[in-house]
Amino acid sequence: MRARGNGIVLIGFMGAGKSSVGPELATRLELPLHDIDSMAAGAAGCTISEIFAREGEAGFRVRETAALAELREEPAIVVTGGGIVVAPANIEALRRLGMVVYLSANEETLWRRTGGGDRPLLQTTDARAVFSHLLKIREPLYRATADFVVDTSPQTLPETVETLLNLLQDSCHHHAS
Ligand code: S3P
């Protein structure tokens with residue numbers, strides 16, 4: 001088995017809370033935060049929406065994988081974009097970084113939380129159907145990639161952060177590294 005790093009990687013669908021929970025977790029644990037969407041945007045010198053507009057989703061995926069490849073297996077919180085699990089090589093790279101936590105939520109909750117967000121994949125007339133379809137395809141991938149699944153549906157943001165802190169504390173006792 002390949003060695004695992006000391007990172008904590010947050011995965012999940014749009015609206016799962018990755019971008020809100022990640023920074024809070026990093027502050028509480030005094031760990032650096034690496035947000036792959038931000039890294040990709042920073043490298044491109046424009047926003048995610050602009051990358052999609054200029055290069056399409058395929059262009060964005062290349063940049064996303066390149067940003068992921070820059071990360072080291074150090075103690076850090078890693079925030080990912082919802083589509084990162086679609087490429088099998090990304091899944092392997094995420095697991096190498098450390099412990100992978102899937103922030104899950106039911107579809108209604110995810111849709112409500114995504115509301116008004118600037119998601120390039122949802123700039124379409126059938127956004128609701130696209131949302132549902134993508135979730136159906138990705139849900140099994142998130143589960144297969146994750147070491148732990150946290151259902152965030154019934155929880156507020158501070159509650160989810162506490163749940164994660166408890167989970168990480170418990171898992172320390174069982175983790176060799
Ligand atoms: C995407 C989700 C976005 C961002 C990009 C593509 C997706 O991140 O990476 O718009 O394919 O689900 P969030 O999950 O933070 O919205």
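Colleague: Where does Thr 80 lie?
Modeller: Thr 80 lies in the loop between S3 and helix H4 (88-97). Helices (H or I, at least four residues) and strands (E, at least two) are DSSP runs, numbered from the N terminus. The model is predicted, so local features need pLDDT of at least 70 and side-chain atom pairs count only at pLDDT 80 or more, while totals for chains, interfaces and linings use all residues. Residues are numbered from 1 along each chain as its sequence is written, and side-chain values use heavy atoms, with hydrogens and water left out.

Colleague: What does the side chain of Thr 80 reach?
Modeller: The side chain of Thr 80 reaches the backbone oxygen of Leu 10 at 2.7 Å. A polar contact is a pair of N or O atoms within 3.5 Å; within protein, one must be able to donate a hydrogen and the other to accept it, and residues adjacent in sequence count only if both atoms are side-chain atoms.

Colleague: What makes strand S1 (residues 7-11) mostly covered?
Modeller: Five of the five residues of S1 are buried. In a regular strand the side chains alternate between the two faces of the sheet. In S1, Gly 7, Val 9 and Ile 11 are buried on one side, and Ile 8 and Leu 10 are buried on the other.

Colleague: How do you know that S1 and strand S4 (residues 98-104) pair?
Modeller: Two strands pair if DSSP finds at least two bridges between them. S1 and S4 have five bridges in the parallel sense, and Gly 98 is the bridge partner of Gly 7. S1 also runs parallel to strand S3 (residues 77-79), with three bridges; Val 78 in S3 is the bridge partner of Val 9.

Colleague: Why is the pair of Trp 111 and Phe 131 given its class?
Modeller: Rings of Phe, Tyr and Trp (its six-membered ring) pair if their centres lie within 6.5 Å; planes under 30 degrees apart count as stacked, over 60 as edge-to-face and the rest as tilted. By this rule the count comes to four aromatic pairs. For Trp 111 and Phe 131 the centres are 4.9 Å apart and the planes stand at 75°, so the pair is edge-to-face. Trp 111 lies in helix H5 (residues 107-114) and Phe 131 in helix H6 (residues 127-145), so the pair ties together parts that are 20 residues apart in sequence.

Colleague: How is the exposure of Trp 111 classed, and how is that of Phe 131?
Modeller: Trp 111 counts as partly exposed at 31% relative accessibility, whereas Phe 131 is buried at 0%. Together with Phe 13, these residues form one aromatic cluster.

Colleague: Which residues are closest to the ligand?
Modeller: A residue is near a molecule or strand if one of its heavy atoms lies within 4 Å of it. In this model 15 residues surround the ligand, and the closest are Lys 18, Asp 37, Arg 61, Arg 119 and Arg 138.

Colleague: What lies 2.7 Å from an oxygen atom of the ligand?
Modeller: A polar side-chain atom of Lys 18 lies at that distance. A polar backbone atom of Gly 82 is 2.8 Å from an oxygen atom of the ligand, and one of Gly 83 is 3.4 Å from an oxygen atom of the ligand.

Definitions and conventions
Buried means under 20% relative accessible area, exposed over 50%, partly exposed in between (1.4 Å probe, protein chains only).
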